[in-house]
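Dear colleague,

Please find below the structure for your review. A summary of the findings follows it.

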Amino acid sequence: MSNYIENPKPTDTICLNDIARARQDVAEGKIAINNLLGLERGNRRYSKQLKNLIEKQGLIFRPEGEYCVVYAGQTQGCYSLYMDKIIAERLGTDFKKRIHERADSIYFEQAKNDTIWNWYCDEKPKLLPDHSAIEWEIGGGILFLGIILETDVKVPENKIESVFPSDKYPTFVNVYITIDKNGDVTKFRDDSCRRQEADTTLHDQLFPIAVDEIKRNYNHWKPGTIRGEPMNTEYEFRVYFKNKAT
């Protein structure tokens with residue numbers, strides 16, 4: 001692919017425009033390292049540290065999203081490929097690898113005594129022992145754990161067949177739990193952005209029930225790790241509610 005930018009197809013306008021833009025930037029002394037973001041990549045855990053290191057080198061840090069739409073015969077990413085070519089020529093073929101490794105090393109040292117989002121772990125936290133928690137899915141195939149809990153509080157329910165619990169049990173709360181380096185759940189935070197806006201009173205009744213259930217039955221985990229070392233992590237745990245059978 002790196003050879004393609006030397007002779008792209010005349011009809012590949014996306015690539016040609018990207019190369020022209022990159023050449024103009026280089027001519028103006030602006031050499032950029034792109035931090036590509038997207039569903040497959042997500043946001044690198046060390047993006048802030050990478051930005052600082054790049055700018056200390058006199059380079060430009062450019063967060064760049066991927067196109068959601070792919071056009072036949074058109075090539076994305078040629079700006080980055082052209083910049084990579086310039087960086088390799090001027091700073092060495094392993095420059096990008098080294099600066100990424102250094103940024104991640106700095107992140108690790110800074111995160112040791114912090115609480116990080118579990119996605120940033122090399123190995124995510126795992127509930128112990130294995131029991132009846134279910135997995136629910138959001139866009140991009142990202143999985144979280146959840147449980148279905150009966151309650152005396154009257155809650156709305158759906159009567160439909162679906163593989164997604166949220167279709168059957170639309171009443172739920174999301175609890176952010178903090179899992180410490182020993183694997184114990186030490187904090188509980190309400191995901192206020194996803195409160196049930198139609199009935200906050202109902203949510204306020206259900207949140208303490210969800211926390212109590214997690215404390216009693218889902219409170220011990222294998223901690224998440226980075227470079228083999230346990231980390232304090234935050235994890236989103238969903239509790240669906242259904243009415244107790246009468």
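Two strands are taken to pair if DSSP finds at least two bridges between them. In this predicted model, strand 7 (residues 172-179) and strand 8 (residues 185-190) are antiparallel and joined by five bridges. Within this pairing, Ile-177 has Phe-188 of strand 8 as its bridge partner. The two strands, strand 7 and strand 8, form a hairpin with five residues between them. In its turn, Gly-183 adopts a positive phi of about 90 degrees.

As regards cysteines, a search of the whole structure returned one disulfide. The disulfide is formed by Cys-15 and Cys-78, whose sulfur atoms lie 2.0 Å apart. Distant parts of the chain are linked in this way: Cys-15 belongs to helix 1 (residues 13-27) and Cys-78 to helix 3 (residues 78-91), with the two cysteines 63 residues apart. The link of Cys-15 and Cys-78 is left-handed, with -100 degrees about the S-S bond. Both Cys-15 and Cys-78 are buried. Cys-121 is also buried, because its relative accessible area is 6% and the cut-off for buried is under 20%.

The buried residues of helix 3 include Tyr-79, Leu-81, Tyr-82, Met-83, Ile-86 and Ile-87. Just after helix 3, Gly-92 has a positive phi of about 110 degrees.

Yours sincerely

How values were computed:
Residues numbered from 1 in each chain as written. Predicted model: local features only at pLDDT ≥ 70, side-chain atom pairs only at ≥ 80, totals over all residues. Heavy atoms only, no water. Disulfide = S-S within 2.5 Å. Helix = DSSP H or I, 4+ residues; strand = E, 2+ residues; numbered from the N terminus. Buried < 20%, exposed > 50% of the residue type's maximum accessible area, 1.4 Å probe, protein only.
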